[in-house]
Amino acid sequence: RCENLVEVYFQLQQQVMAASTELGPELLPRLLERFNEVLSGLVKSSFLVEKQPPQVLKTQTKFQASVRFLLGPRLLKAAPKPYMVRADMVTEKQARELELSNYSNTLSESTGEILHNTVALETNPTSGNCCANFKNVLLKKIKRCERKGSESVTEEKCAVLFSTNVTLSPSNVSIHLQVLSLPIVVIVHGNQDNNAKATVLWDNAFSDIDRVPFVVAERVPWDKMCDTLNLKFMAEVQTTKGLLKEHYFFLAQKIFNDHSASPEDFQSRHVSWAQFNKEILPGRGFTFWQWFDGVLDLTKRCLKSYWSDRLIMGFISKQYVCKLLSMEPDGTFLLRFSDSEIGGVTIAYVMRGKDGSSQVENIQPFSAKDLSIRSLGDRIRDLGQLRNLYPNIPKDQAFGSHYNSEWEGPG
């Protein structure tokens, strides 16, 4: 704990001072200077962001954040006025310069205008924590910086810099404290949210802890991407049922646009940021992430219980569905996420013609809006041509618990 280290520091300092005559006029100043460096480093490292600002931040929208000074209760000298913490927006370049200077430099210019950006650093009498709580902050505007190559505004990362000047007790030393938030993508319109979330997800998942702000790899191993998509899916949908091996295979085929490779082949590949959220999928009008995020949103809003009960196969191609269903009895069906639309779930089922030949039909995808009007379970009950959920579960047995109990059937 920081408090224990500080106590050790003061004990050592006292011992050095007690032995000052033995140490001599040359060694003592050097030791005391080194002690001050150690204390300064310890104090600066104990100034932390406790509650991060939103990592996708919309201008003209209020947000909250808080910083905590772990050593504040032990070291802050009583002041006639409370110490104030200031919040400023900084660019990636400014964040890098601060990091390289070991936070010894001070900010010359904020990159955006934040309202209500100065808050008192106070010690809570109950918890004993020394914090500054920003409860009503608003980013009024942002100054965009020069971007690299084809970089869009939703790939531009900045951060909030929290800073304050305090005087330490008992040494009476003044010290400047600074700490950066996690990277933030600032948006001005709601339609930028999806792409901004992609930048944040990639940065959070694939950046190194001790990196220079805010450097992150352009290409990552596919298995790491699988782990990231799985964790994101379970966290967003709030389910314990994650993605399966067959889901990863389908997603690999989609993101790499390769339907000839085996699951093992994909394991050794790397996926790029461009493949994730810059390149449009073949024959579509959206990127891989835009499509995947649409599935996340639909599942979170309308399909959580169905997914958690493993009633939705979901991540499966139309071609593979035909292969699975073509030899099954009439009325066998399964549910898959739409390939052609963002945020749609479709029902594929097999029906046989009079000549005995099988035909797999795909019902027009249902959107979140459709399913808010009538639930998926009730729609499945409505459709008489659906009999058994693949491979062979009677639909009432599979979906009965999801039917609306008020439904009385056709009169």
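Predicted model: local features only at pLDDT ≥ 70, side-chain atom pairs only at ≥ 80, totals over all residues.
1. Taken as a whole, the protein has 14 helices and 18 strands. Its chain counts 411 residues, of which 46% are classed as buried. If we consider contacts between residues at least 6 apart in sequence, 62% of them join residues at least 24 apart.

2. Which strands make up the open sheet of five, and in what order do they lie? The order is E16-E15-E14-E17-E18, and the pairing is mixed. At the edges are strand E16 (358-362) and strand E18 (393-394), each of which pairs on one side only. Strand E14, residues 332-337, and strand E15, residues 345-352, are paired in the antiparallel sense over five bridges. Within this part of the sheet, Arg336 stands opposite Thr346 in E15.

3. Two helices can be described together with this sheet. Helix H11 (residues 318-325) packs on the sheet and touches E14, E15 and E16, while its direction makes about 165 degrees with that of E14. Helix H10, which covers residues 288-308, lies across E14 and E15 and runs at about 135 degrees to E14.

4. Helix H10 also holds Asp293, a residue that counts as buried at 10% relative accessibility. When its neighbours within four places in sequence are left aside, Asp293 is in contact with Asn194 and Lys197.

5. The largest nonpolar core contains 55 residues, and within it Phe276 and Phe315 have the most contacts. Helix H10 gives the largest share of this core, with 10 residues. Once neighbours within four places in sequence are set aside, the contacts of Phe276 include Ala198, Leu201, Trp202, Met225, Leu229 and Ile255, and Thr287, Phe288 and Trp289 are also among them. Apart from this core lies another one, of 35 residues, which includes Phe47, Phe63, Phe69 and Val166.

6. How many disulfides does the model contain? The count comes to zero. Cys130 is in no disulfide, and the nearest cysteine sulfur, which belongs to Cys131, is 6.7 Å away; a disulfide would need the two sulfur atoms to be within 2.5 Å. Cys130 is buried, with a relative accessible area of 1%, and Cys158 is buried as well, at 5%.

7. Some points of backbone geometry deserve a careful look, because most residues other than glycine have a negative phi, and most peptide bonds are trans. A cis peptide bond joins Pro213 and Phe214, with omega about -20 degrees, and Phe214 is placed in the loop between helix H5 (193-206) and strand E12 (219-221). The bond from Tyr390 to Pro391 is also cis, with omega near 5 degrees. Pro391 lies in the loop between strand E17 (388-389) and E18.

8. Positive phi values are the last topic. Asn257 is not a glycine, and yet its phi is positive, at about 50 degrees. This residue lies in the loop between helix H7 (245-256) and helix H8 (263-267). Is Asn257 buried, exposed or partly exposed? At 48% relative accessibility, Asn257 counts as partly exposed, because that class lies between the limits of 20% and 50%. Arg310, likewise a residue other than glycine, has a positive phi near 60 degrees, and its place is in the loop between H10 and H11. Arg310 is partly exposed, with a relative accessible area of 34%.

Notes: Residues numbered from 1 in each chain as written. Heavy atoms only, no water. Pairing = 2+ DSSP bridges. Helix = DSSP H or I, 4+ residues; strand = E, 2+ residues; numbered from the N terminus. Contact = heavy atoms within 4.5 Å. Axes fitted to C-alpha atoms, helices over the stretch in contact; angles between N-to-C directions. Core = buried A, V, L, I, M, F, W, Y, C linked by side-chain atoms within 4.5 Å. Buried < 20%, exposed > 50% of the residue type's maximum accessible area, 1.4 Å probe, protein only.
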